[in-house]
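Trainee: I would like to learn how to read a fold from a model. Where do we start?

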Amino acid sequence: MDAKKQKHNTVRAAVIGYGAIGRIHCRDILKIGAKSEGKVELHAVITRSFTSQSDPKTLGLTSSTKLWGGQISPKRLASKLKGDGVNLVINTAPDAVAHSLTEALIDAQIPYVIAEKAGAPTAEKLTTLRDLAKAKGVHFGVKYQKMHHPPFAKVEVIMFEKARAFKKVLRGGTSDGKTMGGGGRVQCEIFASDTNEAVVQ
């Protein structure tokens, strides 16, 4: 295989953010890369906390992984990633900056862009990202992308109302909240493969 074709067939990934979720994505990409015979690589990890002294090996990354830190505008970052031949970006940045980063990545025509939940602050802005990706020929996906779907929003409200009442009972209180007790914790997560499933209707 010639070098040009090999480069075209290589997944050159970048992860924005190195919190708990970012680290999981980095770990998974490195695991896949180790078995891919050079076809998958973690090219760069980007987070404001990195400095010139940050060492990828001490962070559990490969020595070839670039660490980009400090302040950089979304457009400049997207342009830099595009210039480096990155073709997959996973955006795990905090909600306050995540949407603008995703928008810049799509606008720069990074071939594959994945955003962590919720992808955008509103359903309308998420729809705008979807339409922009379609216009730019970008494959765009969002983890938990259905959280803005009306049936999910309705189910979420019902679940958390019941969860709050149940939590009070766990604490030794009553469901009406008039009596409180010891301790307890309730966590609710919603999973479905299709919003047309009867359970969501």
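Mentor: We go from the overall layout to the sheet, the cores and the rings. Keep in mind that this is a predicted model.

Trainee: How many helices and strands does the chain have?

Mentor: Six helices and six strands. Along the sequence they follow the pattern α-β-α-β-β-α-β-α-β-α-β-α. The chain has 201 residues, and 30% of them count as buried. Look at contact range too. Among contacts between residues at least 6 apart in sequence, 57% join residues at least 24 apart.

Trainee: In what order do the strands lie in the sheet, and is the pairing parallel or antiparallel?

Mentor: The general idea comes before the case. Strands of a sheet pair through backbone hydrogen bonds, in a parallel or an antiparallel way. Here the six strands form an open sheet with parallel pairing, in the order β3-β2-β1-β4-β5-β6. The edges are β3 and β6 (139-142). Each has a single partner strand, so one side of each lacks a neighbour in the sheet. From one strand to the next, the twist averages 20°.

Trainee: Which residues of β5 lie on its covered face, and which on the uncovered one?

Mentor: In a regular strand, side chains alternate between the two faces of the sheet. For β5, V113 and A115 make up the covered face. Y112 and I114 make up the uncovered one.

Trainee: Which strands does α2 lie across?

Mentor: α2 lies across β1, β2 and β4 (88-91). Its direction is at about 155° to β2.

Trainee: Which residues touch the most other members of the largest nonpolar core?

Mentor: Nonpolar side chains tend to be buried together in soluble globular proteins. The largest nonpolar core here has 25 residues. A14, I16, I46, L77, L81, V89 and L105 touch the most other members. At least two residues each come from β1, β2, α3 (74-83), α4 (95-107), β5 and α5 (123-136). α4 gives the most, with five residues. A second, separate core has twelve residues, including C26, F50, L88 and I90.

Trainee: What does I16 touch?

Mentor: Leave out residues up to four places away in sequence. I16 then touches I46, L77, V89, I90, N91, T92, A93, L101 and L105.

Trainee: How many aromatic pairs are there?

Mentor: The count is one aromatic pair. The ring centres of Y18 and F50 are 5.9 Å apart, with planes at 50°, so the pair is tilted. The pair links distant parts of the chain, 32 residues apart. Y18 is in the loop between β1 (11-16) and α2 (20-34). F50 is in the loop between β2 (40-46) and β3 (66-68).

Trainee: Are Y18 and F50 buried or exposed?

Mentor: Read the relative accessible area. Y18 is at 14% and is buried. F50 is buried as well, at 7%.

Trainee: Which charged residues lie over rings?

Mentor: R23 lies over the face of Y18, 5.7 Å from the ring centre. K80 has its charged end over the ring of W68, at 4.3 Å from the centre.

Terms used:
Residues numbered from 1 in each chain as written. Predicted model: local features only at pLDDT ≥ 70, side-chain atom pairs only at ≥ 80, totals over all residues. Heavy atoms only, no water. Phe/Tyr/Trp six-rings, centres within 6.5 Å; stacked < 30°, edge-to-face > 60°. Helix = DSSP H or I, 4+ residues; strand = E, 2+ residues; numbered from the N terminus. Buried < 20%, exposed > 50% of the residue type's maximum accessible area, 1.4 Å probe, protein only. Lys NZ or Arg CZ within 6 Å of the ring centre and 35° of its normal. Pairing = 2+ DSSP bridges. Axes fitted to C-alpha atoms, helices over the stretch in contact; angles between N-to-C directions. Contact = heavy atoms within 4.5 Å. Core = buried A, V, L, I, M, F, W, Y, C linked by side-chain atoms within 4.5 Å.
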